[in-house]
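Biologist: Hi, I have a model open and would like to talk it through. Can you help me read it?

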Amino acid sequence: MKKILFLLLIICFSFNCTAKDGLQGVVVDTSNKPLKGIRVNIAGLFKYTKTNANGIFKFKRVFEGDTLMVFSNDKTIAKIPVRVETSPIIILDKDHATCIQGKDTLTCLYEPAPERTFDSSVITQRQITERAPKDLVELLRGNVAGLRIYEEGGTAKASLRNSTSFELSTEPLFIIDQTEYETLETANNSISIEDIKEVRIIKDGSGYGMKGANGVIMIKTK
């Protein structure tokens with residue numbers, strides 16, 4: 001067993017990836033055979049990777065506290081906490097996964113896979129950390145389909161209708177926790193990017209009456 005694990009570590013480190021560059025690991029079966037095509041992603045990020053012919057997966061950027069989601073099949077996953085200083089060896093069994101990180105071994109029972117791993121109307125806290133924007137305006141600019149951020153008179157404005165008007169505001173309603181803001185500028189001035197936990201874009205804001213006629217952007221804080 002020690003010899004097998006030693007060989008697996010050689011496979012991992014042969015890619016010359018260190019903790020500074022990101023994270024890589026290897027996925028094998030119970031007979032220590034590398035598994036190709038296993039889907040792996042980081043919770044909160046909707047991009048995913050798959051293991052190569054040697055069972056190896058890599059991520060360019062990870063943070064301590066991230067969680068790996070390893071799909072044993074289309075219906076079940078194992079959630080494994082990230083330790084950036086180690087290269088995990090993940091062994092997939094029938095009903096659980098075993099993760100070896102350095103001298104530690106962790107057993108994770110399979111959980112139902114999330115029905116939806118991607119939602120273009122939501123920006124998660126993990127995505128915010130990845131993008132590292134300076135403020136709400138920069139976070140929203142170019143990151144949400146159908147949402148346009150533009151400048152008018154030196155002021156940042158938003159539109160979910162892809163149109164602007166000098167007579168009638170086309171800005172969506174911004175709601176930070178329970179507080180409503182009628183413009184992107186006032187919302188941006190009322191919150192620090194470090195405090196944002198999640199942003200949800202609601203294009204059909206009819207549930208908010210006339211205020212939501214141009215859509216609603218819901219912002220949750222930590």
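Modeller: Happy to! Start with residues 10-20, where pLDDT stays under 50; pLDDT is the predictor's confidence in each residue, from 0 to 100. The model has 19 contacts beyond four places in sequence for that stretch, a contact meaning heavy atoms within 4.5 Å.

Biologist: What is the mean pLDDT of the chain?

Modeller: The mean is 85, and 86% of residues reach 70 or more. This is a predicted model, so local features need pLDDT of at least 70 and side-chain atom pairs count only at 80 or more, while totals for chains, interfaces and linings use all residues. Residues are numbered from 1 along each chain as its sequence is written, and side-chain values use heavy atoms, leaving out hydrogens and water.

Biologist: Switching topic, in what order do the 5 strands of the open sheet come?

Modeller: The order is β11-β16-β17-β14-β15, with mixed pairing. Strands here are DSSP runs of E, at least two residues, numbered from the N terminus, and two of them pair if DSSP finds at least two bridges between them.

Biologist: And which strands stand at the edges?

Modeller: β11 (122-123) and β15 (179-181); each has a single partner strand, so one side of each lacks a neighbour in the sheet. β11 runs antiparallel to β16 (residues 196-202), joined by 2 bridges, and valine 122 has arginine 200 as its bridge partner in β16.

Biologist: What does aspartate 66 touch?

Modeller: Beyond four places in sequence, its contacts are Ile42, Ile80, Pro81, Val82 and Arg126. A polar atom of the aspartate 66 side chain also lies 2.9 Å from the backbone nitrogen of phenylalanine 63.

Technical notes: Helices (H or I, at least four residues) and strands (E, at least two) are DSSP runs, numbered from the N terminus. A polar contact is a pair of N or O atoms within 3.5 Å; within protein, one must be able to donate a hydrogen and the other to accept it, and residues adjacent in sequence count only if both atoms are side-chain atoms.
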